[in-house]
Amino acid sequence: SRRRPHILWRAMAAAAAPRWQQTMLRIKDPKASLEFYKKHFNMQLVHRYDFPQWKFSLYFLERPRDKDIESLPPPGTKESEQYLWSMQGTTLELTHNHGSEHDPTFSVWSGNQGSDLPKDSPLYREGVIRGFGHIAFNVEDVYATSAQLEKDGVRFQKRPDEGRMKGLAFCLDPDGYWIELVKRDEGLFAENQNLSQTM
């Protein structure tokens, strides 16, 4: 019985430990982005916030285990909000400024272009320095996944056998953010892909 306070303290400390909860990407069109991440990476909308007074909305996407998809609470409910802030996984937070989907001049900076590159580089861009790089999904077969994505019309920055680093690829989301495809050990997960990193 003397050990119980110590065990309780350890449990509380573990529950309060920091964790990677989200990576935010600013997007142009939520309809296009939500469809892209669900269709190609089976990411699910787990919650959303709308702030009409400030003219923006937030969409939180998770790549859950396939067996857990059906049990997710409906987005936009108290249950989904509670799930969002207590879940063990990681989300993409897509931020949409209302009206940007109708603005032909709106575009985001992926973070991969900059004046710190040689001027003859196709990624050279005056006035900015490279910053944010990409998100990544782990997959069992980078080549097969890339081929299927390309067949489905997804654009690529780098195919698996292009460039100096063979066996990994970078596809592009609707806003031009880079998505790295990295090989994982076979049989690790039942799911075709898992969100693995932000760089």
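# Chatting about salt bridges and a sheet

Reader: Let's start with arginine 65: what is its relative accessible area?
Author: Arginine 65 has a relative accessible area of 36%, so it counts as partly exposed. Keep in mind that this is a predicted model.

Reader: Thanks! And which residue forms a salt bridge with arginine 65?
Author: That would be glutamate 191, with the closest N and O atoms 3.4 Å apart. Glutamate 191 sits in the loop between β8 (178-183) and β9 (193-198), while arginine 65 sits in the loop between β3 (56-62) and α3 (78-84), so the pair ties together parts that are 126 residues apart in sequence.

Reader: Nice. Is glutamate 191 buried or exposed?
Author: Glutamate 191 is buried, at 8% relative accessibility.

Reader: How many salt bridges does the structure hold?
Author: There are seven salt bridges. Another one joins aspartate 66 and arginine 63, 2.9 Å from N to O. Here arginine 63 is buried, with a relative accessible area of 12%, and aspartate 66 is partly exposed at 37%.

Reader: What about arginine 159, which side chain does it meet in a salt bridge?
Author: Arginine 159 meets glutamate 162, at 3.2 Å from N to O. These salt bridges share partners, joining Glu150, Arg159 and Glu162 into one network. Arginine 159 is partly exposed at 32% relative accessibility, and glutamate 162 is partly exposed at 31%.

Reader: OK, switching to strands. In what order do the four strands form the open sheet?
Author: The order is β1-β4-β3-β2, and the pairing is mixed. At the edges are β1 and β2 (44-51), each of which pairs on one side only. Ignoring direction, neighbouring strands of this sheet are turned by 20 degrees against each other on average.

Reader: Do β1 and β4 run parallel or antiparallel, and how many bridges join them?
Author: They run parallel, and six bridges join β1 to β4 (residues 91-97). Within that pairing, threonine 23 has leucine 92 of β4 as its bridge partner.

Reader: And how many bridges join β2 to β3?
Author: Seven, and those two strands run antiparallel. Aspartate 50 stands opposite serine 57 in β3.

Reader: Last one: which strands does helix α2 lie across?
Author: Helix α2 (residues 30-41) lies across β1, β2, β3 and β4, and runs at about 160 degrees to β4.

How values were computed:
Residues numbered from 1 in each chain as written. Predicted model: local features only at pLDDT ≥ 70, side-chain atom pairs only at ≥ 80, totals over all residues. Heavy atoms only, no water. Pairing = 2+ DSSP bridges. Salt bridge = Lys/Arg side-chain N within 4 Å of Asp/Glu carboxyl O. Buried < 20%, exposed > 50% of the residue type's maximum accessible area, 1.4 Å probe, protein only. Axes fitted to C-alpha atoms, helices over the stretch in contact; angles between N-to-C directions. Contact = heavy atoms within 4.5 Å.
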